[in-house]
Amino acid sequence: MNSNVTTQMSDQRTTETPAEEKSRLRKVLAATLIGTTVEWYDFYLYATMASIVFGELFFSESSSETATLKAFATFAVGFIARPIGGIVFGRMGDRIGRKKTLVITFALMGISTFLIGVLPTYDSIGVVAPIFLVILRVFQGMGAGAEYASAAVNSYEHARAKHRGRQGAWPALGLNLGLVLSSATIFVLTINGDDFLMNGGWRIPFIISLVLVGIGMWVRKSLPESPDFTEKVVTKEKKARFSEVFTSNWKGMLVVLGVAVGYNALSYIFKTFSVAYLKEFQDISANVASGAVMVAGIIAIFVVPVFGEACDRFGSKKVISAGGFFSILFAFIFLWLLQTGETWGAYLAIGVGTGILAPMMFSAQGSFLSRQFPTAVRSTGVGTSREIGTAIAGGLAPLGALSLVTASPTNSTFGVGLVLVASGIAVVAFAFFDQGRHLTAEKN
C-alpha cells in the first residue's frame with residue numbers, strides 16, 4: 001500500500017461527519033460482536049460437548065477414554081473443513097464484499113449447529129448417528145473457518161489507522177463473549193450434576209442457538225460495506241486473481257500460517273484439552289471445568305480491549321509476540337495446576353491460559369494478520385492461510401495432547417508441555433517476519 005493509497009483512504013474517512021462515522025462504527029461493532037459471539041458460542045459448545053458428552057452418546061465403546069478420543073476426532077474434522085470455508089468464503093469476500101459473505105457464513109454455521117441439537121444418538125440409529133454428526137461438523141467448521149477472516153478484515157478496514165488495533169480486536173471480544181455464553185450454559189445445565197446433560201439436556205443449547213442466529217442475521221444485514229473494499233476494489237474495479245495471493249503475497253501467507261499454528265495449539269490446549277483432561281484423569285466434574293472456562297472468558301472480555309489499545313500504542317507485532325513468550329513461561333505451570341486435581345488449580349490454569357494469554361495473542365491478530373495483505377486479496381489471504389494453520393493445530397493439538405497423556409503408562413503431561421513450548425516459539429518466530437511494514441507505513 002503506497003502513500004497515495006493511504007491518503008485516499010484517509011480522505012474518504014474525512015468526508016464523513018463525526019456523527020456519520022460514529023453511526024457507521026456502531027453498526028460495525030454491533031454486527032461484529034453479535035455475529036462472532038453466536039459463531040463462537042456454537043463452535044465452543046461443540047468443543048465442550050465433545051469433551052464431556054458426545055463420546056458416550058455417539059460412539060459405542062467399552063472404554064470412556066477411547067470414546068472421548070473418537071468424539072475429539074469429530075471435533076478435529078471441523079478443523080479440517082475450516083480451510084475449505086476460509087478459501088471459498090475468503091475468496092467470496094474479495095469478490096462480492098465483506099458484508100454479504102458475513103451473512104452467508106453466519107447462516108451456514110447457525111443451521112448446522114441447530115441440526116446437531118436434534119440429531120438422534122447411537123442408541124437410536126446406530127452408526128449413522130456419528131456419520132451425520134461428522135457431516136454437520138464439516139458444515140459447522142466451514143462456517144467458522146470463514147467467520148473470523150471476514151469479521152476481522154471488515155473491522156480492520158472500517159477503522160482509521162490509529163484505531164486499527166482496538167477495532168481489529170472486536171472479533172476477539174465477540175469470541176470471548178461466545179465462550180462465556182456457551183460455558184455458562186453448560187455450567188447451569190450441570191449445577192446438579194452431569195445426569196441432566198447426559199439425558200437430553202445437551203440438546204437445549206444447540207437448539208436455542210437458532211434464535212440467536214435469527215437475531216444475528218437481522219443485525220448483520222444492516223452492516224455497511226467496508227470503505228477500503230468499496231474504494232479500492234469496487235470503485236476502481238481492481239479485483240485480484242485468486243493466484244495472486246500465492247504468487248505475490250506468499251510471505252504474508254507463511255507469516256499468518258505460522259502464527260495461526262502456534263496460537264491455535266496453545267489456545268485449544270488451554271481451553272479444550274484441559275476440560276477433557278480434568279474429566280478423564282482428575283475426576284473433575286463438567287460443572288467445575290465449564291465454570292473455569294466461563295470465568296476465563298469473563299476475564300478475557302475485560303482484557304481484550306486493553307490488548308487492543310496496546311496494539312495501537314506499541315504495535316500488534318509486539319503484543320502477539322509477548323503473548324507467545326509468556327505462554328512458553330506458563331506451559332509447565334499450567335500443566336502442574338491441572339495435575340493438582342483441585343478446583344482452584346483448574347480455575348487458575350484455565351483462567352490465566354484462556355483468560356489472559358490466549359486473548360493477548362488473539363486480540364492482536366485482527367490487525368496483525370490483516371496488515372500482511374493488500375486490500376484486494378486480504379480476505380482470501382487471511383482466510384486461507386489462517387484456517388490452514390487452524391486446521392493443523394486447532395483440531396490436532398487437543399486430540400494429540402490427549403493421546404499423549406492416554407498413551408503414557410503414568411498419564412504424564414510432559415509431552416503436552418513440550419507441545420506448548422514449541423507452539424509459543426512458533427508465534428514469536430513467525431511474528432518476527434511481519435510483512436506489514438512492506439505494505440504500509442502504519443504501525444498496525
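Buried residues are those with under 20% relative accessible area, exposed ones have over 50%, and partly exposed ones lie in between (1.4 Å probe, protein chains only). The views below show a predicted model, in which local features need pLDDT of at least 70 and side-chain atom pairs count only at pLDDT 80 or more, whereas totals for chains, interfaces and linings use all residues. Residues are numbered from 1 along each chain as its sequence is written, and side-chain values use heavy atoms, with hydrogens and water left out.

**View 1. Threonine 32 in helix α2.** Helices are DSSP runs (H or I, at least four residues) numbered from the N terminus. Threonine 32 counts as buried because its relative accessibility is 4%. Leaving aside neighbours within four places in sequence, threonine 32 is in contact (heavy atoms within 4.5 Å) with Thr37, Ser155, Trp170, Pro171 and Arg220.

**View 2. Threonine 230 in helix α12, residues 227-235.** With 30% relative accessibility, threonine 230 counts as partly exposed. Threonine 230 and glycine 97 are 133 residues apart in sequence, yet their C-alpha atoms are 8.2 Å apart in space.

**View 3. The largest nonpolar core, with 102 residues.** A nonpolar core is a set of buried Ala, Val, Leu, Ile, Met, Phe, Trp, Tyr and Cys residues joined through side-chain atoms within 4.5 Å. The members that touch the most others are Met49, Val53, Phe54, Phe58, Trp202, Phe273 and Phe334. Helix α14 (residues 250-281) gives the most to this core, with 16 residues. Apart from neighbours within four places in sequence, phenylalanine 54 is in contact with Tyr46, Met49, Phe59, Ala71, Ile116, Leu133, Trp202 and Phe206. A second, separate core of seven residues includes Ala31, Leu102, Ala151 and Leu223.

**View 4. Helix α18, residues 375-407.** The 33 residues of α18 reach 47 Å from first C-alpha to last, close to the 48 Å expected at 1.5 Å a residue, where the expected span is 1.5 Å times one less than the number of residues. A kink of about 40 degrees lies at leucine 396, shortly before proline 398; the bend is the angle between axes fitted to the seven residues ending at a residue and the seven starting there. Because 25 of its 33 residues are buried, α18 is largely enclosed by the rest of the structure.

Note on methods: Helices (H or I, at least four residues) and strands (E, at least two) are DSSP runs, numbered from the N terminus.
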